[in-house]
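Me: I'm new to protein structures, and I'd like to learn how to read one. Could you walk me through it?

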Amino acid sequence: MNTSWGKRLVIAAPYLWLGLFFLIPFLIVLKLSFAEVVLARPPYTPLIEWLNAAGQFAPKLRVNFANYLLLLSDDLYIRSFLISLRIAFFATLIALAVGYPLAYAMARAPESWRAILVMLVILPFWTSFLIRVYAWIGILKNEGLLNAALMAVGIISKPLVIMNTDWAVYIGIVYSYLPFMVLPLYAALEKQDPSLLEAAADLGAPPWKAFWTVTVPLSLPGIVAGSLLVFIPAVGEFVIPDILGGSGTLMIGKTLWAEFFNNRDWPLASAIAVVLLVVLVVPIVWFQRQQAARAVEDGR
Amino acid sequence: MNASRLSTVNIVALTIGFAFLYVPILILIVFSFNESRLVTVWAGFSTKWYAALLENRQIMDAAWITLRVAIVSATVATIIGTLAGLTLARFVRFRGRTLFTGMIYAPLVMPEVITGLALLLLFVALDWDRGYWTVTLAHATFSMAYVAVIVQSRLVGFDRSLEEAAMDLGATPLRTFFAVTLTLIAPALIAGWLLAFTLSLDDLVIASFASGPGATTLPMRIYSQVRLGVTPEINAISTILIAIVACGAVAATLVQKRSLVLRRRAEAAARADV
């Protein structure tokens with residue numbers, strides 16, 4: 001029938017596109033992670049060799065686990081993963097601590113302000129990530145504005161070393177990802193019925209208790225969504241540790257980049273990507289479930 | 001008494017939060033007009049770094065490529081993303097829906113290094129020359145997910161009775177789609193296009209993987225200069241980019257808001273008729 005063909009077409013176009021440009025590329029990454037690096041174009045061995053040395057047809061599967069064994073045995077990679085997870089975890093907590101009061105205040109602001117406040121949170125997200133990270137260099141470096149200001153006031157006598165340390169990476173991640181934390185929190189807080197807090201107050205709960213027993217639990221979906229939106233990309237972050245962090249800030253996105261661009265070891269870079277995906281699959285699936293559930297809820 | 005104390009706390013939270021978000025950007029903009037080459041010492045107002053930009057062939061070439069990539073990829077992303085958003089909102093049950101929603105939501109959070117590497121390996125496997133077209137395809141792919149989500153949320157609050165009315169009056173499904181559905185979700189398409197455009201304009205990591213010789217985008221050019229240190233030229237080009245993006249964002253918000261006002265007015269009028 002006419003409509004069912006239309007429906008099939010509507011589904012098929014994005015499906016095929018995403019299959020070709022999103023799904024298949026991941027399968028290639030997986031395949032390549034079992035290859036060996038060679039000095040050739042492209043710089044890796046094929047997974048299946050169709051011809052033997054004599055040129056006869058004799059398919060042979062060549063699976064190389066060396067990349068994964070290297071990842072498990074070399075301290076550099078294990079440390080990269082652990083440092084990335086640690087930095088992403090604490091940066092998420094800090095972003096939550098900074099974002100929650102902001103989102104709360106936005107949700108309690110007069111209704112006529114709210115659209116503008118939301119817009120003010122979204123605007124930095126539209127502005128270039130790279131530029132926003134770059135903006136911090138002039139502030140954080142030893143002879144930068146922050147040190148100049150602190151020394152002018154007399155709080156410190158010699159410059160604080162923040163640039164090229166983990167601190168700068170934390171600041172960069174919290175700053176860059178704050179809108180992702182604030183918007184879901186705001187959405188959850190704004191929906192809350194103020195009469196619930198009044199009821200808690202009528203029943204004798206002091207404001208802080210009402211906040212912890214009513215407001216926070218009801219905003220849990222926003223906390224989860226915001227935290228996942230910060231944590232997942234932060235683990236694989238490249239730009240922030242590369243620009244603000246020092247050579248000691250080993251984050252896995254930076255390591256992958258270096259293996260690919262500097263060492264031209266495509267198979268090892270692929271293996272790192274596969275392991276990173278395995279590490280992140282739980283939070284990613286959690287995020288998808290939550291989004292899909294929310295979409296269904298909105299549809300009702 | 002209680003309320004006023006709360007609002008003081010709230011005002012402090014708003015002030016600190018927005019200062020944190022905006023002061024670094026403002027400093028960057030201010031120092032793009034600095035006379036001195038030093039980015040931390042103010043030496044008087046000057047627009048000479050903007051003039052220097054126009055002379056810089058590398059930057060101007062990169063800006064032109066970036067603009068072309070952004071326009072084409074945003075258009076492709078809007079077309080396919082709209083179909084994807086329709087699928088998400090309308091077709092609740094079909095074989096492979098779980099995989100489909102997974103492929104829509106995953107690019108939103110996927111670390112860029114993984115997406116970039118995966119796309120590069122696809123282009124190598126297909127033996128496509130890397131350059132303008134591969135960057136455009138890569139950008140269209142990751143920004144269509146954003147368009148899909150925007151279109152989907154618009155369709156969710158959508159009154160189906162208008163479509164039914166058009167069909168009852170004899171319009172074909174295709175005609176109904178173009179005359180009714182598309183008109184009503186047009187603000188979401190514009191907002192989605194603008195978002196896809198700015199995402200493409202900003203992207204460094206995916207472009208670095210997907211690009212080849214002769215297709216260096218502006219973020220790639222900025223990145224290679226940033227590694228050498230802070231310079232007023234980068235502040236100047238950043239300020240221009242921020243201005244463009246801010247205009248786009250404000251336009252997108254206004255479009256969405258205006259359509260909301262119009263819709264409410266139409267709904268109120270419809271109620272008054274009844």
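**Reading the interface and the surface**

Reply: Happy to! Let's begin with the contact, to which chain A gives 87 residues and chain B gives 86 residues. Keep in mind that this is a predicted model.

Me: How much area do chain A and chain B bury between them?

Reply: The general idea comes first: the size of an interface is often stated as the accessible area that is lost when the parts come together. Here, about 7800 Å² is buried between chain A and chain B, and 84% of it lies on carbon and sulfur atoms. On the chain A side, the residues that lose the most area to chain B are Trp17(A), Trp126(A) and Tyr134(A), together 11% of what that side buries.

Me: How many salt bridges does the rule find across the interface of chain A and chain B?

Reply: The rule finds 1 salt bridge there. The side chains of Arg227(B) and Asp242(A) meet in a salt bridge, at 3.6 Å from N to O. Helix H1 of chain A, residues 2–32, gives the most to the side that touches chain B, with 21 residues.

Me: Which residues make the nonpolar surface patch?

Reply: Ile48(A), Trp50(A), Leu51(A), Phe57(A), Leu61(A), Val63(A), Phe65(A) and Leu69(A) make this patch of about 880 Å². Two or more residues come from each of strand E1 (48–51) and strand E2 (57–61) of chain A, and E1(A) gives the most, with 3 residues.

Me: Is Phe57(A) buried or exposed?

Reply: Phe57(A), found in strand E2 of chain A, counts as exposed because its relative accessibility is 62%, and exposed means over 50%.

Methods:
Residues numbered from 1 in each chain as written. Chains lettered and ligands numbered in written order. Predicted model: local features only at pLDDT ≥ 70, side-chain atom pairs only at ≥ 80, totals over all residues. Heavy atoms only, no water. Patch = residues over 30% accessible without salt bridge, like charges linked within 9 Å, V, L, I, M, F, W, Y side chains within 5 Å. Areas by Shrake-Rupley, 256 points an atom, 1.4 Å probe, with all protein chains shown as cover. Salt bridge = Lys/Arg side-chain N within 4 Å of Asp/Glu carboxyl O. Helix = DSSP H or I, 4+ residues; strand = E, 2+ residues; numbered from the N terminus. Buried < 20%, exposed > 50% of the residue type's maximum accessible area, 1.4 Å probe, protein only. Contact = heavy atoms within 4.5 Å. Buried area = accessible area lost by both parts, 1.4 Å probe.
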